[in-house]
Amino acid sequence: MTSSIIEGLKKPDIFYGSPKAGNFKKADVDKFAEDVALKLGYNSSDEVSAYCLYDIVKEKLGGQLHFVEKERLENEIYGTAVIHGELDFDIVIPRQKGLFDANFTIAHELGHYFLHSIQGKLPLIAKRGNDEPSERAEHEAKWFAYSFLMPEQRFKVEWEKCFRVPELVSKYFLVPPVAAKNRAESLGLAI
Ligand SMILES: [Zn+2]
């Protein structure tokens with residue numbers, strides 16, 4: 001089942017696929033995501049700001065963010081991207097999600113935009129639900145989100161500054177504590 005919200009965002013005459021794994025190497029996705037973030041001007045200043053991420057989606061990528069009541073969604077309660085074309089996409093986020101979760105969701109959906117739709121060249125709808133999405137593609141989008149939001153070098157510095165406490169460093173990067181913890185583990189940092 002797809003909610004009428006998602007149906008309503010589709011544009012006529014576009015065939016929407018679903019994300020197919022690119023079989024990228026994790027290291028390549030990590031590097032690519034950091035480059036994209038840098039190019040877009042995210043995370044380049046001392047202060048990480050959620051509003052900055054929203055602005056980038058809107059101003060630089062032509063995307064629209066929709067914060068929607070969870071009750072109005074069907075199987076899209078984790079967030080959905082409807083990608084129509086180049087610099088043209090919608091991201092739906094349940095409004096009950098906290099700021100940190102919302103950021104992570106947006107970065108994850110940007111992963112689908114950059115990796116799986118090849119910046120809009122392949123229209124697609126990326127959602128987690130009963131559609132059995134490619135697990136590999138989900139991992140790739142997740143890798144993108146981690147590196148986009150928490151670039152390696154910077155994360156290592158802040159990790160030490162924040163006493164290696166995921167709950168503290170998560171506030172710096174505006175991500176859920178579990179995401180900060182996973183990032184530390186994947187970088188082999190001592191907890
Ligand atoms: Zn996804």
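Which pattern does the protein follow when read along the sequence? The order is α-α-α-β-β-β-α-β-α-α-α-α. This is a predicted model. Its secondary structure comes to eight helices and four strands.

**Overall dimensions**

The fold can be checked against a simple rule. For 191 residues, a compact globule would have a radius of gyration near 16 Å. The protein has 16 Å, so the two agree. The C-alpha trace spans about 50 × 35 × 30 Å along the principal axes.

| Property of the protein | Value |
|---|---|
| Radius of gyration | 16 Å |
| C-alpha span along principal axes | about 50 × 35 × 30 Å |
| Buried share of the 191 residues | 38% |
| Share joining residues at least 24 apart, among contacts between residues at least 6 apart in sequence | 76% |

**Core**

The largest nonpolar core holds 46 residues. Ile106, Phe144, Ala145, Phe148, Leu149 and Val175 have the most contacts inside it. Helix H4, residues 99-116, gives the largest share of this core, with nine residues. Domain 1 (4-149) and domain 2 (151-191) both contribute residues, so the core lies between them.

**Around Phe144**

Phe144 is one of the residues with the most contacts inside the core. Which residues does Phe144 contact, leaving aside its neighbours within four places in sequence? They are Val29, Ala33, Leu110, Gly111, Phe114 and Leu115.

Key:
Residues are numbered from 1 along each chain as its sequence is written. This is a predicted model: local features need pLDDT of at least 70, side-chain atom pairs count only at pLDDT 80 or more; totals for chains, interfaces and linings use all residues. Helices (H or I, at least four residues) and strands (E, at least two) are DSSP runs, numbered from the N terminus. The radius of gyration is taken over C-alpha atoms; the globule rule is 2.2 Å times the number of residues to the power 0.38. A residue is buried if 20 or more other C-beta atoms lie within 10 Å of its own, exposed if 12 or fewer, and partly exposed in between; C-beta atoms are placed from the backbone. Two residues are in contact if their C-beta atoms, placed from the backbone, lie within 7 Å. A nonpolar core is a set of buried Ala, Val, Leu, Ile, Met, Phe, Trp, Tyr and Cys residues joined through C-beta atoms within 7 Å. Domain bounds come from an automatic or database domain assignment.
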